[in-house]
Amino acid sequence: MTNRYDNKWVQQIVDFQHEDGSWGYFHTLSQPTKAQPMTTEQALRRLRILGLTKDDEPIARAIAYMEQTLKQPFPTVFHEKKHDSKTYGDLMLATWIRLFDPNNEAALVIANKWVKIITSAFQDGIYSNERYISAYEAEFVKLNPKAGCLADFVVFYQLALLPGLLSPEVESAMLDYVLPHKRGIVYIYNSPVNVLPEVFASKKASWYLSAMELLAAYDFAPKKLGFVVNWLLDNRDVDGMWDMGAVVKDGIHFPLSDSWRKPEDRKRDCTERITKLIERLA
C-alpha cells in the first residue's frame, strides 16, 4: 500500500473536502449527490482506513469543523429537528473526533456522559435496560421509545466512543453482552459477532472484520476475541497470506492499493488488514 497523499484514493477524497473542513452532509445515511459523492462520515472512515491521522491537514480541518459543530445549539448533522437530534448528532461528532484524537476535550465531554450511562447499566455486572434508560435521561432528554440507535447502545457510535474510558469490570461485562447480541452491531454487522461467518472470502466476512476492528480497541479484546484470531490463522493460504477475493472490494475497506488489476495487490491488501487486526488482538 502506498501511504497517505501518494495514494490515489486519498487524493480523490481530499479533492472533495469543503472549505469548512466537511464533505457536505455528515451522516452516512444522507443521500450524496453527483457533485458531492460522499458524506463527511464516509470520507473520514475511508481516510482513516487509508492511514490518515489527526496530524494530516485534511483530518485536522475536519476535527476543527466537528468541534465547532458540537458547540452549536442545534447541530447541522441533521436536517430535521427532533427532540433527540442534538443528542444523536453530538454522539456522532464526538465519536469521529475520538477515533482520530482520543484525548480531545470537546469529545470527552460527550464520551464521559456515555460512560456514566453504560456504567449504570452494568453496575451489577449484568445489563439493565431500566438503569440504562434512567441514566440516559439523567444525562440527556427523555428517551423516545422509537429512538432507535439511542434506545440501545450496541451501535457503532457508542462502541467506538468508549474505548479506554470504562472500568475493567464494566468493560468486560459490556463486551460479554455485545458479543452474542442478536442485532449484531448496528451500522457495522447485522448478526451476532460471536458467530463466525461461514465463508471467509465474502462481503459478510469483511463486514465481520469491521466489527472486530471496532471491538479490538478495548483492553479486554485479546481475552474475549481469541476465537477470531484462530479463525483468521486457519484461513491463511499456503504462503501464509490472506485473500478474501474480489467480492470484498467495496470502496471503503478495500482497496488499499491503487488498483486490484493484479491479484497479488488484492492479496497484499487483505494480508495488511488482517495482520493489523491480529496484532491488536495478540
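View 1. Covering the buried residues of helix 3 are, among others, helix 1 (8–15), helix 2 (40–49), helix 4 (85–100) and helix 5 (105–121); contact means heavy atoms within 4.5 Å. Helices here are DSSP runs (H or I, at least four residues), numbered from the N terminus. This is a predicted model: local features need pLDDT of at least 70, side-chain atom pairs count only at pLDDT 80 or more, and totals for chains, interfaces and linings use all residues. Residues are numbered from 1 along each chain as its sequence is written, and side-chain values use heavy atoms, with hydrogens and water left out.

**View 2. One face of helix 3 is buried.** Look here for P58, I59, A62, I63, Y65, M66, T69 and L70, which are buried (under 20% relative accessible area, 1.4 Å probe, protein chains only).

**View 3. Aromatic rings gather in a cluster.** Ring pairs join W114, F122, Y127, Y132, Y136, F140, F153 and Y177; rings of Phe, Tyr and Trp (its six-membered ring) pair if their centres lie within 6.5 Å. The whole structure holds 20 aromatic pairs. One of them, Y127 with Y132, is tilted, at 6.3 Å centre to centre and 55° between the planes (stacked is under 30 degrees, edge-to-face over 60, tilted the rest). Y127 counts as buried at 16% relative accessibility, and Y132 is buried at 0%.

Definitions and conventions
Buried < 20%, exposed > 50% of the residue type's maximum accessible area, 1.4 Å probe, protein only. Helix = DSSP H or I, 4+ residues; strand = E, 2+ residues; numbered from the N terminus.
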